[in-house]
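Dear colleague,

I am passing on the structure below, together with some notes on its aromatic rings and its ligand. Please read them with the structure open beside you.

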Amino acid sequence: MAREGRLYIGGGWVPAHDGAVAEVRDPATGAVVGTMAQGGPAEATEAVAAAAAAFPGWAATPAPARAEALRRVAALLGERREAIAALMTAEQGKPLAEARGEVGLTADYFLWNAEEARRVYGHTIPASTAGKRLLALRQPVGVSAAITPWNFPAAMIGRKIAPALAAGCTVVCKPAPATPLVACAVFECLHDAGLPAGVANLVAGPAEPIGEVFLTDPRVRKISFTGSVRVGKELMRRAAASMKRVSLELGGHAPFLVFADADMEQAVAGVIASKLRNAGQTCICADRLYVEARAFEPFMAALAERVRGLRVGPGTDPATDVGPMIGAPAALRAERVVEEAVAGGARLLCGGSRLPGPGHFFAPTLLTDVPSGSALEAAEIFAPVLAAWPFEHEEEAVRRANDTPFGLAAYLYTRDLSRAVRVAEALEYGIVGVNDPVPTVAQAPFGGVKESGVGREGGAEGIAGYLETKFVSLALDPGPSGRG
Ligand code: ADP
């Protein structure tokens, strides 16, 4: 049954003022999954007003009560896991098992932040004079805007909204145009958990006019964004006008280093898990494979054999390993980049092109001998495409891994403990997986260095991003002893 998604403003589900809706399509079949109401500046402003009105009450709600509400959200996500996962597979394409995992991770963000809400501690500071007491309080930033991408349509909402609400902030969220219905399903859990009206609001619609409201309305104090480097830079530049806080989780271009002493079977499985999860559309997925030269040929042969055996198909089929890409432009771009690399002398080990429709399927692709200057070297491909290069020694591997403006995630496989520590410390990345291809968990900080963003989400750092520190200096009366 086609779903009709609405905006969620001030505790109610509402259509756009002009009744506008956009179709949402299944990337595996092209079928219409449902429609989503399309708000604009007026609806975004209403959402900000609702969040601003709800803020004082929510900020003043005792932390255990906020925590209890977030625990109810986590429980509802758990109860509705199958239904939300099925919707996610229909709307976004990822295999059902991955979708179930993502709903579980989303619930984890709410649960972990519910627990953390009770531990937002300030501190006291020794004063320089007898009559003073110095306090550092931690208070919620205020109304926070969350702009989320389509590749993890539930988890990215959870990772932003759960810490914001735990901290006492209220939120306005704009989901990606491709995946608004999963956003509605998450917000249904927020609603059914009994969050007070206006504490969390959802406005879908064209990105720029809604983003403009978030950037210019003085009631919005923070913008949290996950998406492209290009848009992230634009938001940061524009947020500076009113000094809004930003946290930006942008693209990566992850190097994946395999040393000759690694467990090769584990490393092959690791490359596949990192690169091909979500059809290569993950900002932390392996993008550049570097294998120690003496292991290069056998490693690539083993990897290619495994990759050729993977099943590409609709996410609803339990036998599917790799689902469709999100849309035709993304698949066409990936094909063009591969064609250009091959025309320049790259060797194709497997895949290389789109597969017959109706969905946006792309054959998992491995390339070696990629010519320098290829787009594959320059920035993330966001597709099930991986280029590989041999390296001679550790210093070269680290240098090449770091030779990029991006710094989100990096991976290394080795059984040498000293090398693991040395290389993990030398990699200029916010996240390093050592023999671990899937490092994301609710309790750990996630984010990038260099052009991959600012701020961290997840873990204690995540909630810290929604808190300001206020210094209170108390000068006391002298009192009976005269010393204060
Ligand atoms: P992707 O290429 O992964 O779609 P984008 O950066 O284009 O990444 O989009 C990520 C999110 O940012 C989406 O919700 C999108 O609608 C939103 N977005 C895109 N452009 C803007 C903008 N100028 N202002 C605010 N949000 C934007």
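Which polar backbone atom is 2.7 Å from an oxygen atom of the ligand? In this model, which is a predicted one, that backbone atom belongs to threonine 148. The protein covers 76% of the 550 Å² of accessible area that the ligand has on its own. There are 16 residues around the ligand, and those that come nearest are Thr148, Trp150, Lys174, Phe225 and Ser228.

Turning to the aromatic rings, a search of the whole structure gives seven aromatic pairs. In one of them, the ring centres of phenylalanine 256 and tyrosine 411 are 5.5 Å apart and the planes are at 25°, so this pair is stacked. Because phenylalanine 256 lies in strand 13 (residues 254–258) and tyrosine 411 in strand 19 (residues 409–413), the pair ties together parts that are 155 residues apart in sequence. Phenylalanine 256 is buried, at a relative accessible area of 0%, and tyrosine 411 likewise counts as buried, at 0% relative accessibility. Elsewhere, ring pairs link Tyr8, Trp13 and Phe187 into a cluster.

Two rings also have a charged side chain over them: arginine 159 lies over the face of phenylalanine 446, 3.8 Å from the ring centre, and the charged end of lysine 222 sits over the ring of tyrosine 466, at 4.4 Å from its centre.

Key:
Residues are numbered from 1 along each chain as its sequence is written. This is a predicted model: local features need pLDDT of at least 70, side-chain atom pairs count only at pLDDT 80 or more; totals for chains, interfaces and linings use all residues. Side-chain values use heavy atoms; hydrogens and water are left out. Rings of Phe, Tyr and Trp (its six-membered ring) pair if their centres lie within 6.5 Å; planes under 30 degrees apart count as stacked, over 60 as edge-to-face and the rest as tilted. Helices (H or I, at least four residues) and strands (E, at least two) are DSSP runs, numbered from the N terminus. Buried means under 20% relative accessible area, exposed over 50%, partly exposed in between (1.4 Å probe, protein chains only). A charge sits over a ring if NZ of Lys or CZ of Arg is within 6 Å of the ring centre and within 35 degrees of the ring normal. A residue is near a molecule or strand if one of its heavy atoms lies within 4 Å of it. A polar contact is a pair of N or O atoms within 3.5 Å; within protein, one must be able to donate a hydrogen and the other to accept it, and residues adjacent in sequence count only if both atoms are side-chain atoms. Accessible areas come from the Shrake-Rupley method with a 1.4 Å probe; for residues, only the protein chains shown count as cover.
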